[in-house]
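Reader: Got a model here that I'd like to pick apart with you. Can you take me through what the labels rest on?

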Amino acid sequence: MALSPASNLGPAVGLICRECGTAAELGPRYACDQCFGPLEIEYRFTRTEGAHPEITRASIEAGPRNIWRYRGLLPVPDQVAETPNTEPGFTRLVRADQLAESLGMSRLWVKDDSGNPTHSFKDRVVAVALAAARELGFKVLACPSTGNLANAVAAAAARAGIRSAVFVPSNLESQKIITTAVYGGTFVTVDGNYDDVNRLASEIAGEQEDWAFVNVNVRPYYAEGSKTLGYEIAEQLGWRLPDQIVVPVASGSQLTKIDKAFQEFIKLGLVEDRPYKVFGAQATGCSPVAAAFKGGHDVVRPVKPDTLAKSLAIGNPADGPYVLDVVRRTGGAVEDIDDAEVVEGIRLLARTEGIFGETAGGVTVGCLSKLVRTGQLDPEAETVIINSGDGLKTLDAVAPVVGPSANIAPSLEAFRAAGLA
Ligand SMILES: *Cc1c(COP(=O)(O)O)cnc(C)c1O
Ligand SMILES: [Zn+2]
């Protein structure tokens, strides 16, 4: 095998199976030899564990205004900030008083990840995957994608000067096809749904051993990028955790890693150890995790997705069971809403806060509203919601229901007659 065991991946010291706890050497692997369970990164970065430079609020604040300020907590080389990448992160955390008021809440924040380089949170995970993949000796950056990941991989590979190979379902929104194709690289549309594309990617990864499929064979590294959302929220709140957080769920990785980030910050003494609740948001047309939560099950039964919210349309979510663990441990819930409510969620966020989220943002706002209405989420407690992508990428969702107030002739008379004053 041409690939190397990792020599310089910062504080990462090994891999460990999330199912059976078997340890594995740090390197280009993602499944446990013993039970085929998913592998996760192991670190050494606390004071007592020694080895790596101590992480303090001041050391983080002295870093760049992007995810590399947290490089001491990620499986990336120490010099990562000096290598061309997309430098995502440090997106704005917006106090959302008008949205809060319309929902009968008192303290609400929107973490607006549409501000990343390719306008979704996927730039975070791809930047970490790219940095690790280079260190591990991979030559091509690849992925199966529901759209946003395709954008992020194609852009990051272009900036890094390496080849990309991206596979998406052929029924994807045309905006996401164009916003991937523009970066060049190998770009393949596949006649099948995301779960079909994902299976194909695993098969190709088995043959093309120097292709890093970011969310398949380098998934342990990729997944850690989502932790930066959690770190930023805590830092931007003034080094403390919110009471409640609502997170959109596709594979479920983002939700579980935000929780992991909060736990690491507590363990490192960077924030006070206090209880918080994690809530998951899905569209009813693809809600396998919400169904398992509501049914009281530990296993997530796969579904065939049928929803407008294509970026969340993963019918067989890899991290589904771990989402259930986090939500149940913290006292949260997983909720789902139908497509009409998704569209209303997009419009409500835009009307009240001037933030145009994509369908995933609509799912999150709609689920927040439902969680408050049904008494599952405390309207008085401080809450953060994630807007994970940009509405310009899913224009089709709102195009049928929004438009100009009036069309008039270019005269004052016509303006007066239209009753717009
Ligand atoms: C991928 C994606 C998510 C969810 O990510 P998972 O980690 O797979 O649960 C949420 N929002 C948007 C816009 C995405 O593209
Ligand atoms: Zn195992």
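Reader: What makes the side chain of Thr256 and the backbone oxygen of Ser253 a polar contact?

Author: The side chain of Thr256 comes to 2.9 Å from that backbone oxygen of Ser253. A polar contact is a pair of N or O atoms within 3.5 Å, where within protein one must be able to donate a hydrogen and the other to accept it, and residues adjacent in sequence count only if both atoms are side-chain atoms. Bear in mind that this is a predicted model, in which local features need pLDDT of at least 70 and side-chain atom pairs count only at pLDDT 80 or more, while totals for chains, interfaces and linings use all residues. Numbering runs from 1 along each chain as its sequence is written, chains are lettered from A and ligands numbered from 1 in the order in which they are written, and side-chain values use heavy atoms, with hydrogens and water left out.

Reader: Why is Thr256 called buried?

Author: Its relative accessibility is 7%, so Thr256 counts as buried. The cut-offs are under 20% relative accessible area for buried, over 50% for exposed, and partly exposed in between (1.4 Å probe, protein chains only). Thr256 sits in helix H9; helices are DSSP runs of H or I with at least four residues, numbered from the N terminus.

Reader: And Lys257, why is that one buried?

Author: Lys257 has 2% relative accessibility, so it counts as buried too. Lys257 is also found in H9, residues 253-267. Leaving out residues up to four places away in sequence, Lys257 touches Arg18, Glu40, Ala223, Glu224, Ser226 and Lys227, where contact means heavy atoms within 4.5 Å.

Reader: Which residues does Thr256 contact beyond its neighbours within four places in sequence?

Author: Arg18, Asp319, Tyr322, Val323 and Val326.

Reader: How do you know that helix H13 is close to its expected span?

Author: The expected span is 1.5 Å times one less than the number of residues. H13 covers residues 359-373, 15 residues in total, and reaches 21 Å from its first C-alpha to its last, close to the 21 Å expected. Of those 15 residues, 13 are buried, so H13 is largely enclosed by the rest of the structure. After H13 comes Gly375, with a positive phi near 75°.

Notes: Helix = DSSP H or I, 4+ residues; strand = E, 2+ residues; numbered from the N terminus.
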